[in-house]
Amino acid sequence: MAVNLVNVEAVSKVYGTRALLDGVSLGVSEGDRIGVVGRNGDGKTTLIRMLAKLEEADTGRVTHNGGLRLGVLTQHDSLDPAATVRHEVIGDLADHEWAGSAKIRDVLTGLFGGLDLPGFPQGLDTVIGPLSGGERRRIALAKLLIAEQDLIVLDEPTNHLDVEGISWLAEHLRTRRSALVCVTHDRWFLDQVCTRMWDVQKGSVFEYEGGYSDYVFARAERERIAATEETKRQNLMRKELAWLRRGAPARTSKPKFRIEAANELIADVPPPRDTSELMKFATTRLGKTVFDLEDVSVQAGPKLLLKHLTWQLGPGDRVGLVGVNGAGKTSLLRAMAEAARSEGEVQPAGGKIVVGRTVKLAYLSQEVAELKPTLRVLEAVQQVRERVDLGKGREMTAGQLCETFGFNKEKQWTPVGDLSGGERRRLQLLRLLMDEPNVLFLDEPTNDLDIETLTQLEDVLDGWPGSMVVISHDRFFVERTTDKVFALLGDATMRMLPRGIDEYLERRQRMAQAASAAPPAQSAPAQAAAAKAVSAAIARAAKKELQKIERQLDKVSEKETKLHAQIADNATDFEKVAKLDAELRELIGEREALETRWMELAEDA
């Protein structure tokens, strides 16, 4: 029988006149992996802080099993700013001790991309003080995961992690023996890691068996039977349920309730998007040309991020853009946005971006736009427009759209200066959509948004007729809102991924394996000695072959781009698509062989 680790008995917590938790009783046992969901401000963080005894309850009590080893990741770290990463994460262990630990090597590689912490100026000896909030958070997470724990409590652990980092963390937590309680809005992560869910709502906590998908099914069934939730929220839940059952059934590996009941719920629910209808509407609003990139090169300072990129964003295209940090995702969107704003006058470092004459672009950047703090929420939205056309005959007033995005009538009169970070993000999105754009660039749109707001945003985007590019580390959001995924792998090219983010992770894993198979870096004196030992003739031959391979790689990349375009143009001709796909696979094999040979020659050259 599993040992009980934490008991929460009849706990209540009141802030001002609002009861966040009202008589809540819960327990955490060995082996539990619990995901905590709910709207921002409903008490998720308060619940886990009381669970960890970081905050006192007003009434009731929280008890820990004797000798409980507890690790907590809060939203604000307690790292010493004067200390180095080495001191905080590894402590006093000698290099041979920590390097000999498979667990420490796994954590450092998974969270930082290598044992030498390649993203940090002095590696492990980097001082923590000047680092960004995201870097400090990864250090705090690494410190927690390296220690031995009976229970780990995590508050938004996926914030500031990229797709690869989130995938690694999910796998790491699945294989740990520690119990887990985790607050996150990352639905893919919840599905991968959790076996139980706590839904915090209006002072109560509802418990469900299974991961996020099972929770969606069970909650929709509970709401159908109890009929306690308003129609609007129930319809949103049913719509997401329909997508989960039809679009990604593999997510529900162990459903804990009757699947027949779930199927009854969605019998009359249409697919989230009528793609062909939206495409027709998008074409009438945008014409044939949206963004055409011809032989484009993008630079950030002296660094060349993309070269010889030929790509087309057409009317109604919904594209997810993934890639390693620093590969140029945001820089590419900025270059396209600059071309649109300047009507083609401002062009990138190389090549040309052609922008359609009817393009009306809205760009949600990672920086939240500053607004006058005394302005009310509703006034900030009405400044843009009083009513908005969402397509397919749907029209909303500024007030109605505010309510859709979680600003009730009372909240609509809150000054902008009093809003939280997540609420400001929602307001920024609202103002963009009120301007009736026909092209959307969304750079990390899910930051600071709770799950319920995310489903509402997805619902609005489902019927939105236009072209869209989404950069996000939230796999669920990318898969839910886009139809194609492209990747920037850090080699100055862009590739279409027919199998989406799974294919991206496989490619990155192969690249990491190839890099680890290469000989380890030598010290400066050893490198100098090795360089002398290599004959000038061999070095010249290696350089010559490298140049030849680079020319071949450019040609292969151009062929790949053309094949992707042909596949897109012949999407309804399955026989032709199959033939083109076979050609594409051959090309990919050829490119990978060339890349492997390039790496073999690089050291000699």
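Predicted model: local features only at pLDDT ≥ 70, side-chain atom pairs only at ≥ 80, totals over all residues.
Me: What does the protein hold in the way of helices and strands, and how much of the protein is buried?
Reply: There are 21 helices and 20 strands in the protein, and buried residues make up 50% of its 605 residues. Among contacts with a separation of 6 or more, 69% are between residues 24 or more positions apart.

Me: Why are H4 and H5 called roughly antiparallel?
Reply: The axes of helix H4 (residues 102–112) and helix H5 (residues 133–146) cross at roughly 160 degrees, and they come within 10 Å of each other. Angles over 145 degrees count as roughly antiparallel, and H4 and H5 are therefore described in that way. Their crossing is right-handed.

Me: Which residues of H4 are buried, and what covers them?
Reply: The buried residues of H4 are Ile-104, Val-107, Leu-108, Gly-110, Leu-111 and Phe-112. What covers them includes helix H2 (85–89), helix H3 (95–99), H5 and H6. Just after H4, Gly-113 takes a positive phi of about 85 degrees.

Me: What makes the pair of Phe-112 and Phe-120 edge-to-face?
Reply: The structure holds 7 aromatic pairs, and in the one formed by Phe-112 and Phe-120 the rings lie 5.6 Å centre to centre with 80 degrees between the planes. Phe-112 and Phe-120 are both buried.

Me: Why is the pair of Tyr-212 and Tyr-215 called tilted?
Reply: Tyr-212 and Tyr-215 have 50 degrees between their ring planes and 5.7 Å from centre to centre. Planes under 30 degrees apart count as stacked and planes over 60 as edge-to-face, so an angle of 50 degrees falls under the remaining name, tilted. Tyr-212 and Tyr-215 are 3 residues apart in helix H8 (residues 212–226), and are therefore separated by about one helical turn. Tyr-212 is buried, as is Tyr-215, and Tyr-208, Tyr-212, Tyr-215 and Phe-476 form one aromatic cluster.

Me: How do you know that Arg-507 counts as buried, and what is Arg-507 in contact with?
Reply: Arg-507, which lies in helix H18 (residues 500–517), has a relative accessibility of 5%. Buried means under 20%, so Arg-507 counts as buried. Leaving aside neighbours within four places in sequence, Arg-507 is in contact with Leu-489, Arg-495, Leu-497, Ile-588 and Arg-591.

Me: Why is Leu-505 called buried?
Reply: The relative accessible area of Leu-505 is 16%, and because buried means under 20%, Leu-505 is called buried. Leu-505 also has its place in helix H18 and, apart from neighbours within four places in sequence, is in contact with Val-163, Glu-164, Ser-167 and Arg-475. The C-alpha atoms of Leu-505 and Gly-323 are separated by 9.7 Å, although these residues are 182 residues apart along the chain.

Me: What makes Glu-436 partly exposed?
Reply: Glu-436 has a relative accessible area of 26%. Buried means under 20% and exposed over 50%, so Glu-436 lies in between and is partly exposed. Glu-436 is found in the loop between helix H15 (421–434) and strand S17 (439–443), and has a positive phi of about 50 degrees although it is not a glycine.

Definitions and conventions. Residues numbered from 1 in each chain as written. Heavy atoms only, no water. Axes fitted to C-alpha atoms, helices over the stretch in contact; angles between N-to-C directions. Helix = DSSP H or I, 4+ residues; strand = E, 2+ residues; numbered from the N terminus. Parallel < 35°, antiparallel > 145°, perpendicular 65-115°, else oblique. Left-handed = near helix turned anticlockwise from the far one by under 90°. Phe/Tyr/Trp six-rings, centres within 6.5 Å; stacked < 30°, edge-to-face > 60°. Buried < 20%, exposed > 50% of the residue type's maximum accessible area, 1.4 Å probe, protein only. Contact = heavy atoms within 4.5 Å.
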